[in-house]
Amino acid sequence: MAVVWVPPQLQGLAGGAEKITVPGLTLRQVINQLDQICPGMKEKLIDEAGQIQPGIAVAIDGETAHLGLLQPIQEDSEIHFIPAMGGG
């Protein structure tokens with residue numbers, strides 16, 4: 001199962017966990033499973049159009065995901081959701 005690293009801003013939804021092990025063959029499946037474990041997570045990651053929120057980047061195994069929710073996930077993948085930094 002893939003390991004999802006939960007950003008500090010969302011750890012409250014994950015009971016304070018920094019990482020969660022989740023099954024799934026695509027990013028969409030992983031997010032759906034993550035939402036089953038941590039209700040409310042999906043609405044923080046997915047916008048109303050069904051895409052990754054504009055202010056969030058996704059890195060899978062150290063590479064930026066370019067296929068959105070269709071991005072394939074390997075059994076041993078590490079997934080990071082990286083919120084945009086504010087300020088200027």
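Among the elements of this predicted chain, β1 has the highest mean pLDDT (98) and β4 the lowest (94). The chain as a whole has a mean pLDDT of 94, and 97% of its residues reach 70 or more. Where pLDDT is low, the predicted coordinates should not be read in detail.

**The sheet**

The strands form an open sheet of 5 with the order β2-β1-β5-β3-β4 and mixed pairing. Its edge strands are β2 and β4 (63-64), each of which pairs on one side only. Helix α1, residues 27-37, packs on the sheet and touches β1, β2, β3 and β5. The direction of α1 makes about 115° with that of β2.

| Strand pair | Sense | Bridges |
|---|---|---|
| β1 and β2 | antiparallel | 4 bridges |
| β1 and β5 | parallel | 3 bridges |
| β3 and β5 | antiparallel | 5 bridges |
| β3 and β4 | antiparallel | 2 bridges |

Strand β1 covers residues 2-5 and has two faces: Ala2 and Val4 lie on the covered one, Val3 and Trp5 on the uncovered one. Val4 stands opposite Ile79 in β5, which spans residues 78-83.

Strand β5 also pairs with β3, and there Ile56 has Pro83 of β5 as its bridge partner. Strand β3 runs over residues 56-60. Because 4 of its 5 residues are buried, β3 is largely enclosed by the rest of the structure.

**The β3-β4 hairpin**

β3 and β4 form a hairpin with 2 residues between them. Asp61 is in the turn, that is, in the loop between β3 and β4. Asp61 has a phi near 55°, a positive value in a residue other than glycine. With a relative accessible area of 42%, Asp61 counts as partly exposed.

**The nonpolar core**

The largest nonpolar core has 24 residues, of which Leu27, Leu34, Leu45, Ile79 and Phe81 touch the most other members. The elements that give two or more residues to this core are β1, β2, α1, α2 (41-45), β3 and β5. Helix α1 gives the most, with 4 residues.

What does Leu27 touch beyond its neighbours within four places in sequence? Its contacts are Ile52, Val58, Gly68, Leu69, Gln71, Ile73, Ile79 and Phe81. Two of these, Ile79 and Phe81, are also among the core residues that touch the most other members.

**Gln71 and the loop between β4 and β5**

Gln71, one of the contacts of Leu27, lies in the loop between β4 and β5. Is Gln71 buried or exposed? Its relative accessibility is 17%, so Gln71 counts as buried, the cut-off being under 20%. A polar atom of the Gln71 side chain lies 3.2 Å from the backbone nitrogen of His66. For the backbone nitrogen of Leu67, the distance to a polar atom of this side chain is 3.1 Å. Not counting residues up to four places away in sequence, Gln71 touches Leu25, Thr26, Leu27, Ile60, Ala65 and His66.

Gln11 is buried, with a relative accessible area of 17%, whereas Pro8 is exposed, with 65%. Leaving aside neighbours within four places in sequence, Gln11 is in contact with Val6, Gly16, Ala17 and Glu18.

Note on methods
Residues are numbered from 1 along each chain as its sequence is written. This is a predicted model: local features need pLDDT of at least 70, side-chain atom pairs count only at pLDDT 80 or more; totals for chains, interfaces and linings use all residues. Side-chain values use heavy atoms; hydrogens and water are left out. Buried means under 20% relative accessible area, exposed over 50%, partly exposed in between (1.4 Å probe, protein chains only). Two strands pair if DSSP finds at least two bridges between them. Contact means heavy atoms within 4.5 Å. Axes are lines fitted to C-alpha atoms, for helices over the stretch in contact, and angles run from 0 to 180 degrees between N-to-C directions. A nonpolar core is a set of buried Ala, Val, Leu, Ile, Met, Phe, Trp, Tyr and Cys residues joined through side-chain atoms within 4.5 Å. pLDDT is the predictor's confidence in each residue, from 0 to 100. A polar contact is a pair of N or O atoms within 3.5 Å; within protein, one must be able to donate a hydrogen and the other to accept it, and residues adjacent in sequence count only if both atoms are side-chain atoms.
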